[in-house]
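Q: I'd like to learn how to read a helix and its surroundings in a model. Can you walk me through one?

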Amino acid sequence: MAEDLCDVDSNRIHLLDEATISKIAAGEVIERPASAVKELLDNSIDAGATEIKVEIEGSGVKRISVRDNGHGMSHMDASMAFKKHATSKLTSIDDLELVRTLGFRGEALSSMAAVAKVTLITRRSRDVAGTKVMAGSDGVKSILEVGAPVGTTVEVADLFHSTPARRKYLKSSRTELAHITEVLTNYAIAHPVISFTLLNEGKVVLRSPATNNMFDNIVHIHGAEVARSLVPVVCENELVKISGYVSKPELSRSGSDLQSFYINGRSIYSKAISNAIRLGYYTLLPKGRYPAAFLKLEIDPRIVDVNVHPRKTEVRLSHEKEIMDFVTAAVENALSSTHLVPEIKVKDKPFPVQKVLYEDKDEDESKLQDKLQNKVYLESRVLEEPTPYHPPPKDTERRLKASARLQSRLASSPHDEEPVFVADDVKVMGQFEDLYIVAEVEKKLLLIDQHAAHERVMYERVLDSRDMGWQELLNPVTLELNPKEKIILEEFVPYLEEVGFSISEFGPDTYVVTTVPTIFGRMESPDVVHDIVSDLLSVGRIKDDTEIYDHVFSTMACRAAIKAGAVCNKDQMADLIRQLKKCRNPYTCPHGRPTMISFTREELDRMFKRTG
């Protein structure tokens, strides 16, 4: 061991000095199983691994195992690894400004051991024997020499066993597994040269083979349907180099679940980047829709502060406005140079995506994408002038009739408190910005949010009548789901089927929808079901069946209601108000937003300073 201590290359882990520790954003890093997985993946990637295998039991609470083929650790380093602020990635305060590794705080293993039973087995190629370290909340229990393959395996068992109260804040088992899957998905796209595997209870959830480029992994993880709609983004200036893909306007979601961002290889959450991308679409997308986006940003580490949050999922940028403006310009440029008219799919000859991708590994990404696009789509023309999206009048009429039919089947329930307009006629004066109904009632000016109002109508109708009827689709809708979406959907399928959806597996990552509730009318696009799945992904901890049903119903009501931006004539506005009158609670939508606001003459006079 004395010789090892003299070998600079053999022992790399050391304790940080107090000055550096004081500058680090400290805090709890292990909030849930996915947090532990992320920290371990950071270490595996920093160790130069080309293969990483993650095994999960009990959604990560019972057991997490992360095994890599990286360079491993020496006996001395393994012995030091569980000490807080022990790291091989920083030596001084100055290094914080030049962080290029994913991990750097030296807290991960010590934080895990504080709330779980942790076993580390590691060996370097130069060492005859490996090292096994076992630790827990009371510190390191044993350090042994063992036989082991080159690389590192960390097993985390009985997570939060010493802090049982913390387990209560975890979400459902499938939601926790979905978070873990999302972490693996983001890393697989950011690091395509690494092969990632995720197993849950012995079953493969995700297997991402090592490839030469990001696009291959996007196809493998998100499916050909998403990949077909992607256009490359490649742009560079003195501040940032941008590469990746964004979707054509034909592919969008109700949330940002199909967006992944990376800065210098680090997977991050960034509302600023998401907003910058959205600005690049201008009027090509309707309000409330988000494109798919997979973007890598390479920025000088000196203007990237990764020391903002203990989870390292947020960063602070110098020159943020200039960088975000450039992101917007890069997206605009990518969209302006591609075909944007929705294209006709060739359904009778599906393209063997993976076969072609693996046969042509040496071709660059743009050629691979061209081959994929040309095989699946017919020729199209460029959309010359983007136009704002407005749902057609027939769509508005169909949605209002659907809620009216449901309402006629149910007896009206008495109101606990009479709404302001129930007993009196409402004079509809018009519509503002294709969203707000302007009306007069009892000498009051009334503004009604048409989407929130119809959402309330639909919610109460669905809530009162679970058996609302279903309709068979002439053309079944096929859903290609990524691993995270699949996990969540499987949890909710029984509840969705009870209200009229018929959803069944149609392949490893594909589902087919053959019936939908009648409230959706004709549905020839998978967007509605995708949006429902996206909304279910965002749900918090669900305690019982009642809460699950309520969430499904409110989601369905939102998707079936008339939209913001829908032009309504006066008859349609009056019809919506009549339906709103019959609601038990006409004042808010199911999510708590107000459906209406009223102003008295006196209030308006004060606003216009007409009072003496």
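Predicted model: local features only at pLDDT ≥ 70, side-chain atom pairs only at ≥ 80, totals over all residues.

Q: Where does T181 sit, in which helix?

A: T181 belongs to helix α7, which spans residues 173-190. As for the general idea, an α-helix has 3.6 residues a turn, so residues three or four places apart point the same way.

Q: Is T181 buried or exposed?

A: T181 is buried, because its relative accessibility is 0%, and the cut-off for buried is under 20%.

Q: What does T181 touch, leaving aside residues up to four places away in sequence?

A: The list is L198, V205, P483, K484 and I487. Take K484: this residue is 303 residues from T181 along the chain, yet their C-alpha atoms are separated by 5.6 Å.

Q: How do I describe the way two helices pack?

A: In general, you give two things for a packed pair: the angle between the axes and the distance between them. Here, α7 packs with helix α16, residues 483-498, at about 175 degrees, and the axes are 8 Å apart. That angle makes α7 roughly antiparallel to α16, since the label applies over 145 degrees.

Q: Which residues make the contact between α7 and α16?

A: From α7 come R174, T175, L177, A178, T181 and E182. On the α16 side you'll find P483, K484, I487, I488, E490 and E491.

Q: What about burial along a whole helix, say α5?

A: The idea is to go residue by residue and see which ones are covered. Helix α5 runs over residues 108-115, and seven of its eight residues are buried. Those are A108, L109, S110, S111, M112, A113 and V115.

Q: Which elements do the buried residues of α5 pack against?

A: There are helices and strands on the list: α3 (33-46), β5 (117-123), β6 (130-136), β8 (151-157) and α6 (164-167).

Q: And if I zoom out, how many helices and strands does the chain have?

A: You get 20 helices and 26 strands. The chain has 612 residues, and 52% of them count as buried. It exposes about 29200 Å², with carbon and sulfur atoms supplying 51% of that.

Q: What share of the contacts with a separation of 6 or more joins residues 24 or more positions apart?

A: That share is 73% for this chain. The touch between T181 and K484, 303 residues apart, is a handy example to look up on screen.

Key. Residues numbered from 1 in each chain as written. Heavy atoms only, no water. Helix = DSSP H or I, 4+ residues; strand = E, 2+ residues; numbered from the N terminus. Buried < 20%, exposed > 50% of the residue type's maximum accessible area, 1.4 Å probe, protein only. Contact = heavy atoms within 4.5 Å. Axes fitted to C-alpha atoms, helices over the stretch in contact; angles between N-to-C directions. Parallel < 35°, antiparallel > 145°, perpendicular 65-115°, else oblique. Areas by Shrake-Rupley, 256 points an atom, 1.4 Å probe, with all protein chains shown as cover.
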